[in-house]
Every structure is written in C-alpha cells, then in structure tokens.
Amino acid sequence: TVTSADGCVHDTSKVLSTVYPQPLAAFAVAPENCLNMPTSFTSNSSGSGNAIANWFWNFGDGNTATGQNVSHTYATAGTYTVKHWVRTVTNCYSDTLPQTVVINQLPAGNFNYNTPSCEDRTVSFTDLSVPNSGTLNQWAWNFGDLGSGAANTSTLTNPQHIFSNPGVYTVTLVVTTTKGCVDTIPVSVTVNSQPN
C-alpha cells in the first residue's frame with residue numbers, strides 16, 4: 001500500500017512462490033570413540049518434505065567434510081564440538097546442530113616374562129598395560145608358537161606358555177579397554193635350549 005503526499009492511496013498484491021519449511025539437522029555418533037581410529041557420523045537430518053541436497057560437517061579440529069554419512073580420524077585425544085547442517089534442493093538451510101564428541105586415548109600395551117626362557121619350561125607372562133581411558137577388559141595373546149596348536153593363544157590377563165622348541169618367537173598382546181580402544185604390542189622372546 002502506498003500513499004501520496006496529497007492523500008491518494010493505492011494498493012496491490014502478489015502471490016508469492018512456495019515458502020518451504022526449514023530443514024532440521026540431526027546426527028548420531030557412537031558413544032565411545034578412540035584416537036587414531038575412524039569415528040563414524042550418521043546424518044538423521046530431515047528436509048521436512050523437501051529433499052536434502054547437501055550435508056555439511058565441521059569436526060571441531062579444523063577438518064570438514066560433505067556427505068550424508070561420513071567418518072573422521074582424530075589425531076589428538078580430547079573433547080570436540082562437531083557441527084552439522086544441511087541444505088535442501090530448494091536452497092533452504094537448516095540451523096547448525098552442535099554435538100560434543102569425546103575421543104579417548106589409546107591404551108599402552110606392555111608386558112614382561114620370566115627369564116631365562118627355556119624349551120619345555122613354563123614361561124610366565126605378566127601384563128603391564130596402562131588403559132589411559134576406561135579400564136582394560138580384554139587380553140588377546142598370541143605366542144607365535146604355531147606348533148603348540150590351541151595353546152598358542154590365550155585370553156587370560158597373565159598367561160603361561162610352554163615352548164617345546166628353542167628359537168626366537170614373536171609374542172603379541174592385544175589389549176582392549178571398556179572404551180573400545182585397542183593397542184597391539186609385539187615382543188621377541190628368545191627360548192633357549194636345555195643343556196644336555
């Protein structure tokens with residue numbers, strides 16, 4: 001409506017093009033995530049009846065990505081604010097949704113064993129691993145002694161093993177924490193011959 005200085009009034013109207021609803025951003029991430037392991041992000045965003053054309057991510061560590069479902073590997077443990085937003089085919093943008101993601105430190109696998117180690121003698125292994133986040137809850141040992149069959153592996157915290165032949169064996173320990181973080185430590189173990 002316009003009014004002139006002398007009091008004349010005129011009005012007009014026009015039908016606007018369609019006004020679309022704003023899309024809603026939403027995403028899911030696993031509750032436990034670990035350093036140097038891919039963290040997966042799943043977009044649950046809705047276009048409110050309008051198709052989504054683009055998905056945008058800011059991982060809070062200086063890195064970004066596009067795509068509906070993405071993964072990112074963090075180089076430093078800590079707490080990050082991840083931001084997600086979307087754009088529809090009609091060029092409508094959602095608000096930016098922030099969500100906190102905790103990246104847990106990896107455990108530090110370590111162990112020792114009794115020496116000297118001799119063939120046909122029991123070798124005792126002692127776990128010295130440090131969880132760094134959560135607590136240790138899984139141990140997977142491989143003694144590198146294929147000839148021992150099923151006895152070549154153990155899930156005990158502090159197992160024992162008998163090497164039937166002298167030689168150098170690569171004993172590997174894989175430790176896992178309640179946060180799902182994993183570390184692998186291989187150690188060369190020398191098994192000496194018995195004297196005659």
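Let me start with a term: a contact means heavy atoms within 4.5 Å. Among contacts in this protein chain between residues at least 6 apart in sequence, 57% join residues at least 24 apart.

Before we go on, a word on where this comes from. This is a predicted model, where local features need pLDDT of at least 70 and side-chain atom pairs count only at pLDDT 80 or more, while totals for chains, interfaces and linings use all residues. Residues are numbered from 1 along each chain as its sequence is written, and side-chain values use heavy atoms, with hydrogens and water left out.

Now, the overall picture. The protein chain has 0 helices and 18 strands; helices (H or I, at least four residues) and strands (E, at least two) are DSSP runs, numbered from the N terminus. Along its principal axes the C-alpha trace spans about 125 × 25 × 20 Å. A compact globule of 196 residues would have a radius of gyration near 16 Å, but this chain has 30 Å. That radius is taken over C-alpha atoms, and the globule rule is 2.2 Å times the number of residues to the power 0.38.

What share of the 196 residues is buried? Buried residues make up 32%, where buried means under 20% relative accessible area, exposed over 50%, and partly exposed in between (1.4 Å probe, protein chains only).

In soluble globular proteins, nonpolar side chains tend to be buried together. A nonpolar core here is a set of buried Ala, Val, Leu, Ile, Met, Phe, Trp, Tyr and Cys residues joined through side-chain atoms within 4.5 Å. The largest one has 18 residues, and those with the most contacts inside it include Phe41, Trp57 and Val82. Strands S3 (27–29), S6 (52–58), S9 (78–88) and S10 (97–104) each supply at least two residues of this core. A second, separate core of 14 residues includes Phe125, Trp139, Val171 and Val191. Going back to Val82, leaving aside residues up to four places away in sequence, among the residues touched by Val82 are Phe27, Tyr74, Leu97 and Val101.

Next, the cysteines. Which two form a disulfide? Cys34 and Cys181 do, with their sulfur atoms 2.0 Å apart; the rule asks for a pair of cysteine sulfur atoms within 2.5 Å. Cys34 lies in strand S4 (residues 33–34) and Cys181 in the loop between strand S17 (167–177) and strand S18 (182–192), so the pair ties together parts that are 147 residues apart in sequence. The torsion about their S-S bond is about -95 degrees, so this disulfide is left-handed. Both Cys34 and Cys181 are buried. Cys92 is buried too, with a relative accessible area of 18%, whereas Cys8 counts as partly exposed at 47%.

Finally, some backbone details. A cis peptide bond joins Thr115 and Pro116, with omega about -5 degrees. Pro116 lies in the loop between strand S11 (111–113) and strand S12 (117–118). Asn91, in the loop between S9 and S10, has a positive phi near 70 degrees, and Asn91 is partly exposed at 48% relative accessible area.
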